[in-house]
Amino acid sequence: MKNTHKFTNKHILIIGLAKSGFAAAKVLQELGSYITVNDQKPFEENQPAQELQKAGIKVICGGHPMEILDDHFDFIIKNPGIPYSNPLLIKAIEKGIPILTEVELAYHISAADFIGITGSNGKTTTTTLIYEMLNKGSKNPLVAGNIGTVACEVAKEAEAENIIVTELSSFQLMGIDEFAPRIAVLLNIFDAHLDYHGTKQDYINAKARIFENQTENDFCVINIDDKEVLQASERCKAKKIPFSTTQPIEEGAYIKNQAVYFGDEKIIDIKDIVLPGIHNLENILAAIAVAKLVRVSNSAIQEVLGEFTGVKHRLQYIKTVKGRKFYNDSKATNILATQKAITAFEKPVVLLAGGLDRGNEFDDLIEQLKHVKALVVYGQTAKKIERAGKLAGIDLIKHVDNVEAAVYEAYGLSNEGDIILLSPACASWDQHKTFEERGDIFINAVHKLK
């Protein structure tokens, strides 16, 4: 862990435990901070809080009482999922207390450079691809962030020869101050998390923060086919490395003659790439651009793309049952992700969709639903997705109670040669704690099929 005095002898309030809050508390204790942890969950049911209290850290559980801020705090580190509309955070902002996420802490303690990846869709696939390419190229990468490994835990152990490949959400980026990745990647921007950010422009501004502290000695890898990405990167000082699936680029990654190029150098034929889906070409181009900037060999890149079939819950192939191929795309928590998932297949698709109702309709999905032969819906949005399915001309539409029932119903509606695809177009929180839990239920149900 790099020696830093930014947090030494500072009074810090951590709001929200989960994995990131717990990890931040442990790191800050080592740095000599005075820590108070506040979590909504009652102390009696809160094992992480109990563990921190045993370690000598002040813990307040069962709510977010306003009087906590009567104490003087130099910083607040909050769980990324807690919105800034929380009354405690509103009061903290009024008092001028800097509000950070643990990604900022990770940056200050890391001896290694960061590669940061953000976007509305494709972050995890791209992050994993970059990690695999750098690993195959012997560049000593570590992986961290929103992908499931807490950034400050990884940064604590990182050495100068490492590179930390970090998936970053808009929620995390809103809580940075000095964080500056050596290479920043912005894949795409779509209407997402507007219930959190309020407006699309606020969402774009949050994504743009990945470039905020970069200098002309850094790099930003950007999708020039996306106008919002171009808007977000307008004021970026780093050297811009573009990628595009639609046009050749003098210095960047692109498609030409059914092959992937970087600059004037052919990297790999598309037919030799295992990862399915046209939409994944964006992720692949971004990953190749990063790999080339870090001087990974073409042979290492080719080897990864010839083996990499995807990450769990992202258009993940599960198995074939009597000629039906099952794919788990539980990470598709918005319409754009499901649009791309459907268009990844040329064969008939039986689609499983539904989940948390965030107030939107699904008219933007109608064009893709025209390629769906049968639709199985569930959850809070079942009727809304059924409406879109009917407008798309789907005759076979079935309602079920949950994802497990949807698997059996979809199997009954399918024929040999069909694709059975879970791609919900919605968050999972109406019935599940996480999209991972939803995907695991789907996988288990598929394996139960006879």
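In this predicted model, Lys-6 and Asp-177 form a salt bridge in which the closest N and O atoms are 3.9 Å apart. Lys-6 belongs to the segment before strand S1 (11–15), whereas Asp-177 sits in the loop between H7 and S9, so the bridge ties together parts that are 171 residues apart in sequence. Asp-177 is partly exposed, because its relative accessible area of 38% falls between the limits of 20% for buried and 50% for exposed. Salt bridges with shared partners also bring Glu-178 into one network with Lys-6 and Asp-177.

The loop that carries Asp-177 also holds Phe-179, found between helix H7 (170–173) and strand S9 (183–186). The ring of Phe-179 pairs with that of Phe-114, and because the centres are 5.4 Å apart and the planes stand at 75 degrees, the pair is edge-to-face.

Returning to charged contacts, a search of the whole structure finds 21 salt bridges, including one between Lys-58 and Asp-71, with the closest N and O atoms 3.6 Å apart. Lys-58 lies in strand S3 (residues 58–61) and Asp-71 in the loop between S3 and strand S4 (75–78), so this bridge ties together parts 13 residues apart in sequence. Lys-58 is partly exposed at 43% relative accessibility, and Asp-71 is likewise partly exposed at 39%.

Another salt bridge joins Arg-387 to Asp-363, with the closest N and O atoms 2.6 Å apart. This pair links distant parts of the chain, 24 residues apart, with Arg-387 in helix H15 (residues 382–391) and Asp-363 in the loop between strand S17 (349–354) and helix H14 (366–369). The relative accessible area is 35% for Arg-387, which counts as partly exposed, and 38% for Asp-363, which is also partly exposed.

Charge can also be followed on the surface, where Glu-153, Glu-157, Glu-159 and Glu-161 gather in a patch of negative charge. Of these residues, Glu-159 is found in the loop between helix H6 (151–157) and strand S8 (163–167), and with a relative accessible area of 44% it is partly exposed.

Methods
Residues numbered from 1 in each chain as written. Predicted model: local features only at pLDDT ≥ 70, side-chain atom pairs only at ≥ 80, totals over all residues. Heavy atoms only, no water. Patch = residues over 30% accessible without salt bridge, like charges linked within 9 Å, V, L, I, M, F, W, Y side chains within 5 Å. Areas by Shrake-Rupley, 256 points an atom, 1.4 Å probe, with all protein chains shown as cover. Salt bridge = Lys/Arg side-chain N within 4 Å of Asp/Glu carboxyl O. Lys, Arg positive; Asp, Glu negative; His and termini not counted. Charge placed at Lys NZ, Arg CZ, Asp CG, Glu CD. Helix = DSSP H or I, 4+ residues; strand = E, 2+ residues; numbered from the N terminus. Buried < 20%, exposed > 50% of the residue type's maximum accessible area, 1.4 Å probe, protein only. Phe/Tyr/Trp six-rings, centres within 6.5 Å; stacked < 30°, edge-to-face > 60°.
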